[in-house]
Amino acid sequence: MFQIVRKQSMAKGTIIRQDVIAPRIAKKIQAGQFIVLRVNETGERIPLTVAHADPLAGTITIIFQVVGKTTALLGSLNEGDSILDIAGPLGKPAEAKKFGTVVMVGGGTGVAILYHVTTAMKAAGNYVIGIIGSREKDMLILEDEMREVCDELYITTDDGTAGHKGFVTDPLKTLLEDRKDIKLAYAIGPIIMMKNVTKMTKEYNTPTMVSLNPIMIDGTGMCGGCRVSVGGKTKFACVDGPDFDGHLVDFEQLENRNRLYEEDEKVCMLHSIHK
Ligand SMILES: Cc1cc2nc3c(=O)[nH]c(=O)nc-3n(C[C@H](O)[C@H](O)[C@H](O)COP(=O)(O)OP(=O)(O)OC[C@H]3O[C@@H](n4cnc5c(N)ncnc54)[C@H](O)[C@@H]3O)c2cc1C
Ligand code: FES
């Protein structure tokens, strides 16, 4: 059992942060890696990225958006409650070495995952430019934390209630136009956002990594559920990723595969509400 020692509601309660006691994972986990958890005996297994780890306190931090049955159940747990199983660290760590100047782009809950990798990029000696975006001011997460680790930070909101009115690709375009020293872009967020970021960086020949979130089941390379097409080859995101060269990812296929269980997920959520 893995006890929750701190809980915080973010983004009008749609995003939840939980610090969980998991000393072995906290010691080993590296930026970009994830866990697979099961809330209780009848629960399904879901993957979540570790946003932060504190090896001294023996805790890991997960930040998740409540989108369906399992995230709603997990979000209903409070400080003192426990999660039944957590397996991890899983996946390959993000390649956080010295590149020079890097641009870290995050949208929505993706900022939670971006934060861990951004911290590692800074620690590796890079000049770090962050761009984070959300639909509106109240949905923006980890702004202070990102400001602390970034050398420059740009904020965007779709409705203009904070920072630049528009998408994260707007400041990205300006940066790619104005600066010739950007060695890497790293993007994490909704599939459409990652797709548009990679389309733009391709025009400027800027290498770009993305962190993919296909449907995962076992998280260990056995079930094939998380297969994605990268450069025409089939890869398993849970063991070969989750980070891939964004210019080679088939985003259309990823979008279609992620929609496969949409109807079942709605039914599942309705059942859990009416139970
Ligand atoms: C490597 C990885 C890391 C992730 N990290 C985070 C994170 O840090 N924070 C966060 O909010 N979300 C993260 N996700 C997405 C998260 O796993 C899903 O939101 C969650 O599984 C939804 O489950 P649900 O039952 O609440 O919703 P459901 O109603 O079952 O599904 C809602 C949507 O969530 C996605 N989803 C559902 N089941 C899975 C699954 N088994 N694997 C992947 N996606 C699924 C689908 O897009 C689906 O349409 C990550 C996904 C992956 C693959
Ligand atoms: S989740 Fe089963 S192979 Fe990746």
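**Entry 1: domains at the ligand**

I looked up which domains supply the shell around ligand 1. Domain 1 (2-90) and domain 3 (212-275) each give at least three residues to this shell. I note here that the model is a predicted one.

I then listed what surrounds the ligand. There are 23 residues around ligand 1, and Glu44, Pro47, Gln65, Thr71 and Met216 come nearest. By kind, the shell divides into 11 nonpolar, 8 polar and 4 charged residues.

**Entry 2: polar atoms at the ligand**

Which backbone atoms lie by the nitrogen and oxygen atoms of ligand 1? I found a backbone N or O atom of Met216 at 2.7 Å from a nitrogen atom of ligand 1. A polar backbone atom of Ile63 is 3.0 Å from a nitrogen atom of the ligand. For Gly68, a polar backbone atom is 3.2 Å from an oxygen atom of ligand 1.

Next I checked the cover. On its own, ligand 1 has 850 Å² of accessible area, and the protein covers 85% of it. I also looked up the elements that give two or more residues to the shell, and these are strand 4 (45-54), strand 5 (59-65) and helix 2 (69-75). Strand 4 gives the most, with 5 residues.

**Entry 3: Ile63**

I went back to Ile63, having seen its backbone by the ligand. Ile63 sits in strand 5. Is Ile63 buried or exposed? Its relative accessible area is 8%, so Ile63 is buried, the cut-off being under 20%. I also took one distance along the fold: Phe34 is 29 residues apart from Ile63 along the chain, and their C-alpha atoms are separated by 12 Å.

**Entry 4: the whole protein**

I counted elements and found 9 helices and 16 strands in the protein. Along the principal axes, the C-alpha trace spans about 55 × 40 × 35 Å. I compared the radius of gyration with the globule rule: a compact globule of 275 residues would have a value near 19 Å, and the 18 Å of the protein agrees with that. Buried residues make up 48% of the 275 residues.

**Entry 5: Asp19**

I picked Asp19, which is in strand 2 (residues 15-21). Its relative accessible area is 9%, so Asp19 counts as buried. Which side chain makes a polar contact with that of Asp19? I found the side chain of Arg17, with a contact of 3.4 Å.

**Entry 6: cis peptide bonds**

I looked up two cis peptide bonds. Gly88 and Pro89 are joined by a cis bond with omega of about 0°, and Pro89 lies in strand 7 (residues 85-90). The bond from Gly241 to Pro242 is also cis, with omega near 15°. Pro242 is placed in the loop between helix 7 (237-240) and strand 16 (243-245).

**Entry 7: positive phi**

I then turned to phi angles. Ala11 has phi near 45°, a positive value in a residue other than glycine. Ala11 is in the loop between strand 1 (2-10) and strand 2. With 8% relative accessibility, Ala11 counts as buried.

Asn205 is not a glycine either, and its phi is positive, near 55°. I placed Asn205 in the loop between helix 6 (191-203) and strand 13 (208-211). Is Asn205 buried or exposed? Its relative accessible area is 70%, and exposed means over 50%, so Asn205 is exposed.

Definitions and conventions
Residues are numbered from 1 along each chain as its sequence is written. Chains are lettered from A and ligands numbered from 1 in the order in which they are written. This is a predicted model: local features need pLDDT of at least 70, side-chain atom pairs count only at pLDDT 80 or more; totals for chains, interfaces and linings use all residues. Side-chain values use heavy atoms; hydrogens and water are left out. A residue is near a molecule or strand if one of its heavy atoms lies within 4 Å of it. A polar contact is a pair of N or O atoms within 3.5 Å; within protein, one must be able to donate a hydrogen and the other to accept it, and residues adjacent in sequence count only if both atoms are side-chain atoms. Accessible areas come from the Shrake-Rupley method with a 1.4 Å probe; for residues, only the protein chains shown count as cover. Helices (H or I, at least four residues) and strands (E, at least two) are DSSP runs, numbered from the N terminus. Ala, Val, Leu, Ile, Met, Phe, Trp, Tyr, Cys and Pro count as nonpolar, Asp, Glu, Lys and Arg as charged, and the others, Gly among them, as polar. Domain bounds come from an automatic or database domain assignment. The radius of gyration is taken over C-alpha atoms; the globule rule is 2.2 Å times the number of residues to the power 0.38. Buried means under 20% relative accessible area, exposed over 50%, partly exposed in between (1.4 Å probe, protein chains only).
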